[in-house]
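Visitor: I would like to learn how to read a structure like this one. Please take me through its features in turn.

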Amino acid sequence: LDDVAEGELWFRGGRQELIYGSQRLVSSRPWRNTTVTFDGVKSFWKRTDASCDLFWVRPIDIRQHLPRDSNFDHPDQSQQLFGAFASWKPREKRTLDAYYLGQIESDPLVLGGRLVVGEFDTHTLGGRVHDEAGPFFYEIEGGYQFGSSTGLEHSAGFVTAGAGKQITQGSLKASLWLYYDWASGDRDPMDSRHSTFLQQFPRGHYYLGIADIMGRQNIKDINLQLQLNHDDRLKLVLALHVLTLSNRSDALYNPSGIAIYHDPSGESGTDIGREVDAILNWSITPRTHLGLGYSHVFAGSYFDSPVIQGGPAGRALNAANGKDADFFYTQFTLRF
């Protein structure tokens, strides 16, 4: 549209992807067979060291493809996503983000307070800082979420904090990260307040384990990660996740934000388990790439509970059946 404050002002309307910041809340979810896209409008201003976006969209509902993929994609008329996202880079390798995200769902799709499934109207205020200073780096992100859910007051939040160090030895680069992830849960499902953080459209596979068992709702994750990079062609990632529920009276949620198991009494505890991941990426040539991934899940004592084993949800996905699980994938990419 114009050149403003040493930057460019743009307007975009139609179908588009939204990818913001760390992608913990808004992402295209690249691991899905159908990536997340939106119909709507976005106005954005950008320059070398800063940017600011304003948007209003409706997500494209992939459920419409079931049981057969024969219709044209239509936006979900029951859901709206809108907000503002600002980013500033005061110097190289330092990023500061601030954002507001509003989400409205008028269909009864979320498990809310008093164990009622209903609609929600939430608003998230958050921020993030990512910085590298010499061999050391850190990241902190968090947000407070308010509004209403299933007719009750909604008050929730999330926090992520991580730090690490990089070591370079010839052509080998190694980096070690330690992360703590927390997303709130509902302490008392029968009171007048709903406190489960609603994860929106996250890139969960990237942060909470490649086995894709749980989403960023009522969860705590201590994550130790080692990355080895040789000549920027061979990359190995080893990760350990220690996973627990934030509140034992709330449910365990899958990557889609659906409650797959719930013990309102809290007697099943909080021990979800541990996950070990190994990912190898090899750039064979500039245009050909090979990826291998393996994950083993050690199911926690939560799944040994008779309430969970005999609950109305039956046997949930992946390791949520009380047993360990293995996940393996291989991927080959050719660019032309």
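Guide: Helices (H or I, at least four residues) and strands (E, at least two) are DSSP runs, numbered from the N terminus. The model is a predicted one, in which local features need pLDDT of at least 70 and side-chain atom pairs count only at pLDDT 80 or more, while totals for chains, interfaces and linings use all residues. Residues are numbered from 1 along each chain as its sequence is written, and side-chain values use heavy atoms, with hydrogens and water left out.

Visitor: How many helices and strands does the protein chain have?

Guide: There are 2 helices and 18 strands in the protein chain. Its radius of gyration (taken over C-alpha atoms) is 21 Å, close to the 20 Å from the globule rule for 336 residues, so the chain is as compact as a globular protein of that length. That rule is 2.2 Å times the number of residues to the power 0.38. The C-alpha trace spans about 55 × 45 × 45 Å along its principal axes.

Visitor: What share of the residues count as buried?

Guide: Buried means under 20% relative accessible area, exposed over 50%, and partly exposed in between, with a 1.4 Å probe and protein chains only. Of the 336 residues, 46% count as buried. A contact means heavy atoms within 4.5 Å. Of the contacts in the chain with a separation of 6 or more, 60% are between residues 24 or more positions apart.

Visitor: Where is E139 found, and is E139 buried or exposed?

Guide: E139 belongs to strand β8 (residues 136-149), and its relative accessible area of 3% is why E139 counts as buried. A polar contact is a pair of N or O atoms within 3.5 Å; within protein, one must be able to donate a hydrogen and the other to accept it, and residues adjacent in sequence count only if both atoms are side-chain atoms. The side chains of E139 and R128 make such a contact at 2.7 Å. With neighbours within four places in sequence left aside, the residues in contact with E139 include S22, R24, H130, W177 and Y179.

Visitor: How many cavities are there?

Guide: Rolling a probe the size of a water molecule over the atoms shows where empty space is left. On a 1 Å grid over the protein atoms alone, a cavity is a set of points where a 1.4 Å probe fits but cannot get out; lining residues have an atom within 4 Å of a point. Grid points are joined across faces, edges and corners, and a volume is the space filled by probe spheres set on the points. The count is 3 cavities of 30 Å³ or more.

Visitor: Which residues line the largest cavity?

Guide: The largest cavity has a volume of about 80 Å³ and 13 lining residues, with Y20, L25, F85, Y99 and E141 nearest its centre. Strand β6 (residues 94-111) gives the most to this lining, with 3 residues. Ala, Val, Leu, Ile, Met, Phe, Trp, Tyr, Cys and Pro count as nonpolar, Asp, Glu, Lys and Arg as charged, and the others, Gly among them, as polar. The lining of the largest cavity has 6 nonpolar, 3 polar and 4 charged residues.

Visitor: Which residues have a positive phi although not a glycine?

Guide: Q23 is one, with a phi of about 70°, in the loop between β2 (7-16) and β3 (38-47). D212 has a phi of about 55° and lies in the loop between α1 (204-207) and β12 (219-230). Q23 is buried at 14% relative accessibility, whereas D212 is partly exposed at 28%.

Conventions:
On a 1 Å grid over the protein atoms alone, a cavity is a set of points where a 1.4 Å probe fits but cannot get out, and a pocket is an open set with protein on both sides within 12 Å along at least five of seven lines; lining residues have an atom within 4 Å of a point.
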